[in-house]
Amino acid sequence: MTLDLLRDRGVPLHRQHFTWTEMVQPPISKLDTDAFTRVRVILMNGIESEAIRFGHAAARFQPRFHKQLAVVRRIEQHQQTMVNWLISADHTPLDTTIGFEQVAIEVTASVAQHEPDDYLASVYRFGLLEDFDHMYRFSALMDRLYGRDANAILQSYTDVLPGRPTAVEHRHPVDDLRIPYDRDNAALQTKLNALTITAAEHQTHDYYMTIGPMFTDPVARQLYAEIASVEEQHVTQYESLIDPHESVLEKWLLHEACEAYNYWSCVEYEDDPRIRRIWERMLDYELGHVQFVAQMLEEVERRDAREVLDAVIRDPVEYQSQRAFVRRVLRNEVGLGARDHEFVPREDEPERTKHYRSQLNHDDSPSNLVAAGYRWMPGTELAGYRVVRGDGRERPHPPHEGSWR
Amino acid sequence: MRIQPSLRVGHNRTGLSAASDEQRRRMLDVPRELGPTSRGSSDEIARVRIRYARTGMSVGTMPEVPRAQRGLLPLHDLLGARLQFERTGVRMYDALLSKLDAHGGFSGGPDRGDLEQLRDEELAHMRMLEHMLEETGADPTVVTPTADLQSMATRGVSDVLMDPRTTLLDGLGVIIMAELADHEEWIGLIDLGRDLGRNTLVHSFQSAQLTEEEHLIKVRRWLHAGRMAARAELEIH
């Protein structure tokens, strides 16, 4: 299947309606639903959230589009609700966190392999190894605070292993900035990729900033503070890939195209018929938004929307385990750091980043603390403890002393 | 005040009596025209709950097993729930130990060895349950539906135990909720084991239930001693 964003016209805006009951449907099952359905729900919540965020930012600069932006934003709000409310309440904030990191690993790995621009692909691989490490730290937290196994969420699609250690991910802000694609020469797929990953990371950041204070354990609070800071870096990094010279209407059109593209990818992979019907409906709504904004672009800027949406989309986001690719990237690129826009061996990072990092990590390194000696085991690390009978008591013994990477 | 520092006069503002006379009077003096905008009572919430409940959704199901083993599904569900509860229980006692290490104990309360013993007994139960699940053909890494529900129910207990603002006495006051539930669930397993004619399992369940009964007796005793010590501390101050 292919997606032609301008030929497939979708549902016009005046027929896009919701009721509260439609928005609040029975949720997915934490135990039975395939992990990739949850991955899609989490990603699409992030994509919708970005659409609303962009719509508000645009309205602050473009009073002439106030009404149109308000109308589309309200629909996006209700789309986001319908999608995000599919997460069931037995997902603890930490369960959903594991889901967010699975999105960041699996979706970024898919995007990295389908990115036609080598530099942007290297940026996705760079960020991927950092989110991969976050998964490991959060899994240790889940195990050591609650005695629960993150693999019940991951369903064995994604490894729980250290990546680029979170403690060395902290960089001076200017070393998080990358070179944007060129709006005139970049492929449409490149633009959609950048918007997708920026949206996912922004929502992850916002989610951690919301739930971090809900934990009582001080290490959990510290860990969310630390990883939320890295997610802010990731938003800075991915956002800087987007050409800032695109006009507001061009950006808006690309946002709508990004939403349609992602719902189309969901439709391509979804096995659950009820959830698939939601993706199909949302795809039709987004295609309606694409038409609406394309028409505005033609009327206001006198530009053919085909100048922006200049290609038929052939590659959906691949919703399947990317373990082999991730392990290959891990072996080859875990030692990288950044200097300005480029990736360099970590020892060659600028002094400003080394200073920034050592200052932040001066008292404690939450990510190192939480995973000290941690190795994931099926059924939690407690399953590896020996029970030794002596003096009438049974004492747990860790299977081995761990070491920090 | 070391045992229960929150039990002193401070600035709690949550009650109506904390408000000024003027604010309290205005809160209570509401004009008739500012009443509810929809008819009915809290029964309306029940109506919606019932409607959603009738859609037939559940939190989840059990994994696929051979047809001959279907009769063991209730056992596997409850064993899985106990296993998850005991894993969490180990971490709960870890958190309680930190409270003891942070502030010390009190007369008649647990020492480190006492709490380690309870934690290690939860661990021993955990290992026993892993073996039982494997021996009866089930996967001990599965989160069963009852395990999922009991995890939801115990979230609050873990939260209180991990909060550095709570004391050993506060911690004992909530871990007894977990111990009570745990004890009750072992009794349920004994009944189920008998119904299924699994005498070997029943003996193991009975042994675990007796251990949990000892836990309950100990925690009750420590709670009583802690509350007495806190009252004494209050009188001194």
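# Questions on a predicted model

Biologist: In this predicted model, what share of the contacts in chain B with a separation of 6 or more comes from residues 24 or more positions apart?

Modeller: A contact here means heavy atoms within 4.5 Å, and the contacts considered in chain B are those with a separation of 6 or more. Among these contacts, the part that joins residues 24 or more positions apart comes to 81%.

Biologist: Which pattern does chain B follow when it is read along the sequence?

Modeller: Chain B has 0 strands, and its helices number 7. Read from one end of the sequence to the other, chain B therefore gives a pattern written with helix symbols, a helix being a DSSP run of at least four residues. That pattern is α-α-α-α-α-α-α.

Biologist: How many disulfides does the structure hold over all chains?

Modeller: A disulfide needs a pair of cysteine sulfur atoms within 2.5 Å. The cysteine sulfur nearest to that of A:C258 belongs to A:C266 and is 11 Å away, so A:C258 is in no disulfide. Over all chains, the number of disulfides is 0.

Biologist: Is A:C258 buried or exposed?

Modeller: A residue counts as buried when its relative accessible area is under 20%. The relative accessibility of A:C258 is 3%, and so this cysteine counts as buried.

Biologist: Where in chain A is A:T380, the residue with a positive phi although it is not a glycine?

Modeller: The phi of A:T380 is about 75 degrees. With a relative accessibility of 0%, A:T380 counts as buried. Its place in chain A is the loop between α13 (366–370) and β3 (386–390).

Biologist: Is A:S156 buried, partly exposed or exposed?

Modeller: A:S156 lies in the loop between α6 (151–154) and α7 (188–211) of chain A, and its phi is near 65 degrees. Its relative accessible area is 44%, and a value between 20% and 50% falls in the middle class. A:S156 is therefore partly exposed.

Definitions and conventions. Residues are numbered from 1 along each chain as its sequence is written. Chains are lettered from A and ligands numbered from 1 in the order in which they are written. This is a predicted model: local features need pLDDT of at least 70, side-chain atom pairs count only at pLDDT 80 or more; totals for chains, interfaces and linings use all residues. Side-chain values use heavy atoms; hydrogens and water are left out. Buried means under 20% relative accessible area, exposed over 50%, partly exposed in between (1.4 Å probe, protein chains only). Helices (H or I, at least four residues) and strands (E, at least two) are DSSP runs, numbered from the N terminus.
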